[in-house]
Amino acid sequence: MQILVTGGTGYIGSHTVVELQKRGYEVIIVDNLSNSRREIIDNIEKITGIKPVLEVFDLEDRKKTSDFFKKYPDLKGVIHFAAFKAVGESVEKPLMYYRNNLVSLINILESMQENDVENIVFSSSCTVYGQPDHLPVSETAPIKKAESPYGNTKQISEEIIQDTIKVSKINGIALRYFNPIGAHESALIGELPLGVPNNLVPFITQTAIGIRDELKIFGNDYPTPDGTPIRDYIHVVDLAEAHVIAIKRMIDGKMKNDFEVFNLGTGTGYSVLEVVKAFEKVSGVKLKYKIVGRREGDIVQVWADPTYSNKELGWKAKRNLEEMVASAWKWEKAYRSRI
Ligand code: UD1
């Protein structure tokens, strides 16, 4: 059973490739390596014993995308991760985000139609809910106006998929991720941001290992118990497992509608300070941090209602916060010792 994983050398993509291979799927990766490294393929092979096929090209290229689909006529589905994802950068370079994230999706959908590939799982985000009116947030909560071009590409992408589904045989599942963190237990794959990390956990681990001077906590005057914002952090392997279930659901014809949406979160929120404390506890490292002003665009708090995903997918996030930060720390140390 052949599955295309776009962005398969990236953070969530690589973990998903491993879980797919473990369950017997044959994975073909398309990646332009703009934010990842080719060596990840070797590390995936070390984990699973199988080297996935990697085709390096840009999905923004209509012809190359079309040629790719012709070269692999047995594809049963697509899991589409490849996209830019830095909120701040998207504000600076909106057209770069719209072009990359939307054009590649359109190219994929056109090629799927032309080649009768009917199943797509799309990487969406809880950012589509903005600051929800009710917590925990379920899939039926209204979509709020996007705070950033990045967030807008996720909203528009979901709409593009839905509109395409209406006039084609394509089925789609949008998985709305909360905050994926952590790494595979082997410490052979993990999150590897280029340059200064934007996200909390890579910044914590890079500070602990001495690459960054100190963590800046963006605000402790939010209306939360300790004043820092609350997010629903989810282990990347739990997230990866949900993708395998989603693509299988589509291939097996088990969908309730031809477009479905699922929240991927644990249902529990933790504050920034709670994440820092959990990290200090499992690592034994005293983290240097200081409180600075709020970061523009940050919401106060969000956590998932995963009831529908739990029930419909038969899936539940299993790994707790300490396991998440411990695995991220193990990965950071292993990666630095290898380079
Ligand atoms: C953001 C996006 C999300 C996107 C994700 C991936 C929103 C609301 N969320 O998640 O859609 O998928 O990035 O890039 O747009 N923090 C610090 N110091 C730091 C870094 C972060 O205090 O150096 C705090 C933030 O203020 C926030 C929390 O840590 O409260 C988590 O931040 P981050 O990891 O960047 O994720 P989100 O902003 O939640």
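Guide: Helices (H or I, at least four residues) and strands (E, at least two) are DSSP runs, numbered from the N terminus. This is a predicted model, in which local features need pLDDT of at least 70, side-chain atom pairs count only at pLDDT 80 or more, and totals for chains, interfaces and linings use all residues. Residues are numbered from 1 along each chain as its sequence is written, and side-chain values use heavy atoms, with hydrogens and water left out.

Visitor: In which strand is Q2 found?

Guide: Q2 touches E26, I28, Y72, D74, L75, K76 and G77, apart from residues up to four places away in sequence; contact means heavy atoms within 4.5 Å. By contrast, the C-alpha atoms of Q2 and E159 are separated by 26 Å. As for its own element, Q2 belongs to strand β1.

Visitor: Does Q2 count as buried or exposed?

Guide: Buried means under 20% relative accessible area, exposed over 50%, and partly exposed in between (1.4 Å probe, protein chains only). The relative accessibility of Q2 is 11%, so Q2 counts as buried.

Visitor: How many bridges pair β1 with β4?

Guide: Strands of a sheet pair through backbone hydrogen bonds, either parallel or antiparallel. Two strands pair if DSSP finds at least two bridges between them. T6 has H80 in β4 as its bridge partner. Strand β1 (residues 2–6) and β4 pair in the parallel sense, and the number of bridges is 5.

Visitor: Which residue of β5 is the bridge partner of V78?

Guide: Strand β4 (residues 75–80) is mostly covered, with 5 of its 6 residues buried. Strand β5 (residues 119–125) runs parallel to β4 and is joined to it by 3 bridges. In β5, V78 has as its bridge partner I120.

Visitor: Which are the edge strands of the open sheet?

Guide: The sheet has 7 strands in the order β3-β2-β1-β4-β5-β6-β11, with parallel pairing. Each edge strand pairs on one side only, and these strands are β3 (53–56) and β11 (259–264).

Visitor: What angle does the direction of α8 make with that of β6?

Guide: Axes are lines fitted to C-alpha atoms, for helices over the stretch in contact, and angles run from 0 to 180 degrees between N-to-C directions. Helix α8 packs on the sheet and touches β1, β4, β5, β6 (171–177) and β11. Between the directions of α8 and β6, the angle is about 165 degrees.

Visitor: How are α1 and α8 oriented to each other?

Guide: Two packed helices are described by the angle between their axes and the distance between the axes. For helix α1 (residues 11–22) and helix α8 (residues 236–251), the angle is about 60 degrees and the axes are 8 Å apart. Angles under 35 degrees count as roughly parallel, over 145 as roughly antiparallel, 65 to 115 as roughly perpendicular and the rest as oblique. The helices α1 and α8 are therefore oblique.

Visitor: Which residues is E241 in contact with, leaving aside its neighbours within four places in sequence?

Guide: E241 lies in helix α8. At 11% relative accessibility, E241 is counted as buried. Apart from those neighbours, its contacts are E19, R23, W315, K318 and R319.

Visitor: What is the handedness of the crossing of α7 and α11?

Guide: The axes of helix α7 (residues 200–208) and helix α11 (residues 321–338) come within 10 Å and cross at roughly 55 degrees. A crossing is left-handed if the near helix is turned anticlockwise from the far one by less than a right angle, and right-handed if clockwise. The crossing of α7 and α11 is right-handed.
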